Amino acid sequence: MAQLWGGRFTKETDKLVYQFNASITFDKRFYRQDIEGSKAHADMLGKQGIITEEEASELAWALDGILADIESGALAVTEEYEDIHSFVEATLTKRIGDAGKKLHTGRSRNDQVALDMRLYTREQVQETDALLKKLLETILSGMEEHTQTVMPGFTHLQKAQPITLAHHLGAYFEMFKRDRQRLSDIYERMNYCPLGSGALAGTTFPLDRDYTAELLGFYGPTLNSMDGVSDRDYLIEFLSALATVMMHLSRFSEEIIIWNSNEYQFVEIDDAYSTGSSIMPQKKNPDIAELVRGKTGRVYGALLSLLTTMKGIPLAYNKDMQEDKELAFDAMDTARGCIALFEGMLATIKFNKDTMEKSASRGFTNATDAADYLVGRGVPFRDAHGIIGQVVLSCIEKGIAIDDLPLSELKRFSDAFEEDVYEAISMETCVNKRLTTGAPGKEAMERVIAEEKRYLESAGTIGINV
């Protein structure tokens, strides 16, 4: 059992205690961040004269070698070490001797792991943002294609008013755009370097924390050493943002599942994103959408777990904080995988335009427009509402749409109806006369699409060009 802290103790740690305490099984994914932070720390130690520049160069060379060997498979991260920090330092010392033991000067595992987690999370924020941007590009492509694809809009899962598929997709565009904005906000708040905080009270060595922060791409150092090692609010924020992303994906998945059902038949999911039944040969199941919906709970669980872990911890570092990793890693992996798979499913999905439009017509989604038509003819709205309710009831009894009623029938309900009512309540008219910003009309949608294009062109990768 390789440990960095044995000097104070007179006997070996119990094996079960050691295994319970160790984190190497999951924090080994930090190897690159740990080495990157160690190189910056060594560079700063050399610059400050705390170690010689030759020693700093030797450390950097050896750390590069360890990184290359891990990534090539020549060096395995083994579980005889307590954590990734122990593994890197022990390997370094084996390779270059006493110079390796100097690397930890002015540093604690508390600020070291705080740095590793922050570097790793920062990278995850960037990768998630890139996936969301690709998803937005796919959604925007669908919006451009379907500005005239009429479908029913729903409230309470009841057909309400006619909209277009572009308008429906556009709602999700706004949601995922806000998700990207949340990630950008998180990046801005978290991009400060905790290295140099020590265990909790800094160090007596003359560290240049600004220089270390600059080397690692941070805006600057954290301004309180206790806070630097003992909070994970940036990670809680990220998990919260991922939970919101997953909620949006789950809602969209639920709609695709409904639309894919035999009763709706609005969509056909590509074979590459569907599976069949082991017993029922006719089945084509929306498994990816269902799994995205199901995996949302895993991300919620990680957020709640970390909030619960952190809620009772006094300052500064406590071992409870080791629990910030496993579920967070799972949530990050889950969210990235779900975004990527959902984007692929959406990019290949086929929308059944005729079925969508017929559904809008048969669902009396133009009833509000019929009432508005009567209001335009001088009928008070409350009376118009009642008249159209009676018209709809009659149509339900006959199994037809409002448009199918002859004018003579309509006039039985109100003399205000004239021949132009059919044009006024056609699906195309109902949609396209809605031209206010945010409405489904073709002209309104084209203005929004142009604005969303400008957004995607101007909003680059987080941390590079936001």
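Which residues does aspartate 111 touch, not counting residues up to four places away in sequence? They are Pro194, Leu195, Gly196, Ser197, Gly198 and Val229, where contact means heavy atoms within 4.5 Å.

## Basis of the model

This is a predicted model, in which local features need pLDDT of at least 70, side-chain atom pairs count only at pLDDT 80 or more, and totals for chains, interfaces and linings use all residues. Residues are numbered from 1 along each chain as its sequence is written, and side-chain values use heavy atoms, with hydrogens and water left out.

## Aspartate 111

Aspartate 111 belongs to helix α7, residues 109-145. Helices (DSSP runs of H or I, at least four residues) and strands (runs of E, at least two) are numbered from the N terminus. Aspartate 111 is buried but has no salt bridge. Buried means under 20% relative accessible area, with exposed over 50% and partly exposed in between (1.4 Å probe, protein chains only). A salt bridge needs a side-chain nitrogen of Lys or Arg within 4 Å of a carboxyl oxygen of Asp or Glu. The nearest side chain of opposite charge, arginine 107, is 5.7 Å away.

## Isoleucine 402

Isoleucine 402 sits in the loop between α16 (381-398) and α17 (407-413). It counts as buried because its relative accessibility is 2%. Leaving aside neighbours within four places in sequence, its contacts are Phe364, Asn366, Ala367, Val391, Val392, Cys395 and Ile425. Aspartate 372 is 30 residues from isoleucine 402 in sequence and 14 Å from it in space, C-alpha to C-alpha.

## Pocket and cavity

On a 1 Å grid over the protein atoms alone, a cavity is a set of points where a 1.4 Å probe fits but cannot get out, and a pocket is an open set with protein on both sides within 12 Å along at least five of seven lines; lining residues have an atom within 4 Å of a point. The largest pocket holds about 410 Å³ of space. Its lining has 18 residues, of which Gly153, Phe154, Thr155, His168 and Glu255 lie nearest the centre. Two or more lining residues come from each of β1 (150-155), β2 (158-164), α8 (165-190) and α11 (233-259).

The largest cavity has about 30 Å³ of space. Its lining consists of Leu239, Ala302, Ser305, Leu306, Glu323, Asp324, Leu327 and Ala328. Helix α12 gives the largest share, three residues.

Conventions. Lys and Arg count as positive and Asp and Glu as negative; His and the chain ends are not counted. Grid points are joined across faces, edges and corners, and a volume is the space filled by probe spheres set on the points.
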